[in-house]
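Please look at the model before reading on.

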Amino acid sequence: MTQDEALALHRTGASIFLTGQPGSGKTHTVNRYVRELQRQGIDYAHTASTGIAATHGHGFTIHAWSGIGVRETLTRRDLDVLSTNRRLAARIEKTKVLIIDEISMLPARALSLVDAVCRHIRGQQAPFGGLQMVLVGDFFQLPPVVRRDHDESMLQLSGGSDAFGAEFAHNSPAWRDLAPTVCYLSEQ
């Protein structure tokens, strides 16, 4: 798929997994989409899975943007507390498009937590509370670091299916529920 074809799919409002080999133009395509969103006055959040990636113009890690921080678990009480944080709730409610760069570095569990927070704060049961998701990355890069232990007080996510211990974000129930359209960039 070309960059222009991928950009046309972004414009439809569909949730997208933008991938391809290094140098195929993932960042360029996302930056073009961001410029279009800015011109149209559409609220978006351009986040990244790591602090280093977030410093490249995104400003937020997905952990900070969603309020999950370093948590690996959430309880119903945690969700209620997060929803009372006015700045966090306003940020999530006004966002229309959520971009997560370097998705290969985000553990499946973290993606499920972000999904749970977005659904709770936005009050919608659609994946990620109805946000258009743009997931960017290459799963042939480094995998995320995950813990292998399990805590019984963890909130069960996505109908009891739990992604604790699953490594890649594409193993998450949140990814499955979202079912993003795959845009594999094959040419610059």
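This is a predicted model: local features need pLDDT of at least 70, side-chain atom pairs count only at pLDDT 80 or more; totals for chains, interfaces and linings use all residues.

Q: What makes up the protein chain in terms of helices and strands?
A: The protein chain has eight helices and six strands. Along the sequence they follow the pattern α-β-α-β-α-β-α-α-α-β-α-β-α-β.

Q: What makes strands S3 and S6 the edge strands of the sheet?
A: The six strands form an open sheet in the order S3-S2-S4-S5-S1-S6, with parallel pairing. S3 (60-61) and S6 (181-185) each pair on one side only, and that makes them the edge strands.

Q: How do you know that S2 and S4 count as paired?
A: Two strands pair if there are at least two bridges between them. Five bridges join S2 (residues 44-48) to S4 (residues 97-101), so the pair meets that condition. The two strands run parallel, and Tyr44 has Val97 in S4 as its bridge partner.

Q: Which bridges tie S1 to S5, and which tie S1 to S6?
A: S1 and S5 pair in the parallel sense over three bridges, with Phe17 opposite Leu135 in S5. S1 and S6 also pair in the parallel sense, over five bridges; here Ile16 stands opposite Thr181 in S6.

Q: Why is S1 called largely enclosed by the rest of the structure?
A: A residue is buried when its relative accessible area is under 20%. Five of the five residues of S1 are buried, so the strand is largely enclosed. Ile16, Leu18 and Gly20 point one way and Phe17 and Thr19 the other way. For the protein chain, buried residues make up 48% of the 188 residues.

Q: Why is H6 called roughly perpendicular to H7?
A: Angles of 65 to 115 degrees count as roughly perpendicular. H6 (residues 86-94) and H7 (residues 108-122) pack at an angle of about 90°, with their axes 9 Å apart. That value falls in the range, so H6 is roughly perpendicular to H7.

Q: Which residues make the contact of H6 with H7, and of what class are they?
A: Leu88, Ala89, Ile92 and Glu93 in H6 meet Val117, Cys118, Ile121 and Arg122 in H7. By class, the contact has six nonpolar, no polar and two charged residues.

Key:
Residues are numbered from 1 along each chain as its sequence is written. Side-chain values use heavy atoms; hydrogens and water are left out. Axes are lines fitted to C-alpha atoms, for helices over the stretch in contact, and angles run from 0 to 180 degrees between N-to-C directions. Helices (H or I, at least four residues) and strands (E, at least two) are DSSP runs, numbered from the N terminus. Angles under 35 degrees count as roughly parallel, over 145 as roughly antiparallel, 65 to 115 as roughly perpendicular and the rest as oblique. Contact means heavy atoms within 4.5 Å. Ala, Val, Leu, Ile, Met, Phe, Trp, Tyr, Cys and Pro count as nonpolar, Asp, Glu, Lys and Arg as charged, and the others, Gly among them, as polar. Buried means under 20% relative accessible area, exposed over 50%, partly exposed in between (1.4 Å probe, protein chains only).
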